[in-house]
Amino acid sequence: MDANRRQSGIQQLLAAEQEAQQIVNAARAAKSARLRQAKEEAEREIAEYRAQMEAEFQRKVAESSGDSGANVKRLEQETQEKIAQLKQQAASISPEVIQMLLRYVTTVKN
């Protein structure tokens with residue numbers, strides 16, 4: 001009977017070992033599944049953040065390029081106005097300048 005008890009004890013130990021191995025395997029599988037899930041969540045969050053940042057960047061680019069076109073038009077208009085103003089001023093003082101130059105050229109100093 002002593003051998004029977006030993007055999008029974010060994011069988012119990014083997015059964016306990018198998019049960020422990022199953023528990024460990026289940027824990028590893030659960031850990032692996034959770035890690036996979038966490039990785040997928042992180043990748044999803046990264047993709048959402050990247051899309052958000054890209055949309056904001058595109059919006060800023062569109063705003064600045066739109067402003068750039070408006071700024072170019074505004075600057076061209078201001079330049080044309082300034083050129084017209086300078087031509088008008090030059091035309092208004094041109095006779096005086098011509099008279100002054102003629103006076104200096106024709107006047108001889110001893």
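Student: What is the relative accessible area of Glu78?
Tutor: This is a predicted model, in which local features need pLDDT of at least 70, side-chain atom pairs count only at pLDDT 80 or more, and totals for chains, interfaces and linings use all residues. Residues are numbered from 1 along each chain as its sequence is written, and side-chain values use heavy atoms, leaving out hydrogens and water. A residue is buried under 20% relative accessible area, exposed over 50% and partly exposed in between (1.4 Å probe, protein chains only). Glu78 is partly exposed, its relative accessible area being 38%.

Student: Which residue meets Glu78 in a salt bridge?
Tutor: A salt bridge requires a side-chain nitrogen of Lys or Arg within 4 Å of a carboxyl oxygen of Asp or Glu. Here the distance from N to O is 3.1 Å.

Student: How many residues apart are Glu56 and Lys60 in helix 1?
Tutor: Helices are DSSP runs (H or I, at least four residues), numbered from the N terminus. Glu56 and Lys60 form a salt bridge, with the closest N and O atoms 3.6 Å apart. Both belong to helix 1 (residues 2-106), where about one helical turn separates them, a spacing in residues of 4.

Student: What is the radius of gyration of the protein chain?
Tutor: The radius is taken over C-alpha atoms, and the globule rule is 2.2 Å times the number of residues to the power 0.38. A compact globule of 110 residues would have a value near 13 Å, but the protein chain has 46 Å.

Terms used. Helix = DSSP H or I, 4+ residues; strand = E, 2+ residues; numbered from the N terminus.
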